[in-house]
Amino acid sequence: MGQIQNEAKIIIEESIKNVLPQTAVEKALANESFSGNIIVISIGKAAWTMAKAAKNILGSSIKKGVIVTKYHHSQGEIEGFEIIEAGHPVPDENSVLGTVRAIEAVKELTKEDQVVFLVSGGGSALFEKPSEGLSLEDIKNVTEDLLKSGANIVEMNTIRKHLSDVKGGKFASLCAPAKVYSIVLSDVIGDRLDSIASGPAYPDSSTITDVKNIVKKYNLNFNEAVMNALSVETPKELSNVETVITGSVSELCKAAAENAQKLGYSPYVLSSTLECEAKEAGKFLSSMAREVRNGNLYGIKSPCALIVGGETTVKIQGTGLGGRNQELALTAAIGIEGMKDTLIFSLGSDGTDGPTDAAGGMVDGDTINKLNQLGMNTEEILNNNDSYHGLKAVDGLIITGATGTNVNDVMVVLCR
């Protein structure tokens with residue numbers, strides 16, 4: 001592994017450390033004092049880590065705790081907590097089981113009691129109880145259709161909120177009259193609280209009209225039961241909730257910039273709100289690299305690091321294996337072919353990208369040449385959405401394992 005690859009690895013590892021939820025939860029709870037029974041409900045990919053931090057602070061004052069997280073994201077027992085691992089990005093039977101356990105834990109509380117609600121990305125799939133008249137199969141089918149449609153996370157969650165007994169502020173209603181203190185690790189661009197994990201404890205700003213527009217925009221065909229559920233409005237006001245945001249993609253970008261600077265790069269955060277198709281983002285980042293190399297980027301010279309945060313989408317047309325960050329990276333490789341001392345990486349902060357064991361992909365000026373030597377056609381790989389196998393063949397996968405956090409994606413261009 002060359003110098004620039006080692007430096008990229010350091011930036012990845014150190015930046016993720018900066019957005020781990022332990023410190024954030026500790027900070028959010030530091031000056032809080034709660035009365036009555038304390039119930040802790042923790043949902044999302046970072047649910048275990050957040051619950052562990054809450055346990056360290058609140059200790060034996062927690063009467064009961066429920067954690068609902070993704071498979072293989074639990075790191076062992078936590079005293080007083082029931083841990084349920086469930087399906088993501090498509091909900092499964094355990095998603096419903098964990099959600100029912102959480103509802104049971106907050107039943108029959110008084111206004112003196114306190115629910116500490118820890119929320120991280122992935123909660124939309126993991127925290128689910130279908131509305132009356134709907135089956136889990138309905139929810140699964142809708143989720144799969146949305147994932148394939150190219151809809152962004154806000155649009156997806158707008159639909160999902162209207163099909164659930166806990167999303168769109170409904171969980172907070174179930175906690176009433178108890179107070180809810182919600183600590184949120186944001187995985188939604190712009191930190192929209194009604195969209196993160198589909199906003200179980202936040203008033204829903206989306207309307208039935210928004211739902212109809214999304215269905216029309218992506219030409220979605222749902223069954224009659226789903227369409228009926230989509231015509232029921234969600235809660236627009238909640239009086240028993242206080243919410244704190246503890247981490248977001250802008251902090252991840254800032255951490256990447258700081259760590260790049262320590263390695264001698266001049267860092268530039270171009271955006272923390274990128275939302276577009278993964279291939280388009282890959283083309284954009286490689287074009288930025290070319291501008292730097294040609295000396296045309298308004299005085300930005302190497303060594304520099306161009307940093308972008310956000311979340312891209314992939315329209316699935318092939319039958320291959322991959323994820324948005326891998327597809328972005330492999331597309332970017334085409335644009336930097338033959339360029340020396342230039343590297344582009346893209347990764348999901350949670351350590352998983354699509355249905356793979358990779359967090360993302362890393363490419364340089366030699367990636368396309370290596371693929372060609374193996375007889376692999378990059379365009380064909382991309383057309384089949386098979387970026388995982390393409391990158392794996394040239395040692396371009398980023399494997400971090402589950403990180404315990406989830407604050408969108410970071411993409412970095414390094415020019416040495």
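This is a predicted model: local features need pLDDT of at least 70, side-chain atom pairs count only at pLDDT 80 or more; totals for chains, interfaces and linings use all residues.
A crossing of two helices is left-handed if the near helix is turned anticlockwise from the far one by less than a right angle, and right-handed if it is turned clockwise. Keep that in mind.

Let's take the helix pair. Two packed helices are described by the angle between their axes and the distance between the axes. Here the pair is α2, residues 21-29, and α3, residues 47-58. Their angle is about 40°, and the axes lie 8 Å apart. That makes α2 oblique to α3. Which hand does the crossing of α2 and α3 have? It is right-handed.

Now, who touches whom? From α2 come P21, Q22, V25, E26 and L29. From α3 come T49, M50, A53, A54, I57 and L58. Sort the residues in this contact by class and you get 8 nonpolar, 2 polar and 1 charged.

Next, the cysteines. A disulfide is a covalent bond between the sulfur atoms of two cysteines. How many disulfides does the count come to? The count is 0, with sulfur atoms required to be within 2.5 Å. Take C253. Is C253 buried or exposed? C253 is buried, at a relative accessible area of 1%.

Then look at C415. The nearest cysteine sulfur is that of C304, 4.5 Å away. The cut-off is 2.5 Å, and C415 is in no disulfide. C415 is buried as well, with a relative accessible area of 0%.

Technical notes
Residues are numbered from 1 along each chain as its sequence is written. Side-chain values use heavy atoms; hydrogens and water are left out. Buried means under 20% relative accessible area, exposed over 50%, partly exposed in between (1.4 Å probe, protein chains only). Axes are lines fitted to C-alpha atoms, for helices over the stretch in contact, and angles run from 0 to 180 degrees between N-to-C directions. Helices (H or I, at least four residues) and strands (E, at least two) are DSSP runs, numbered from the N terminus. Angles under 35 degrees count as roughly parallel, over 145 as roughly antiparallel, 65 to 115 as roughly perpendicular and the rest as oblique. Contact means heavy atoms within 4.5 Å. Ala, Val, Leu, Ile, Met, Phe, Trp, Tyr, Cys and Pro count as nonpolar, Asp, Glu, Lys and Arg as charged, and the others, Gly among them, as polar.
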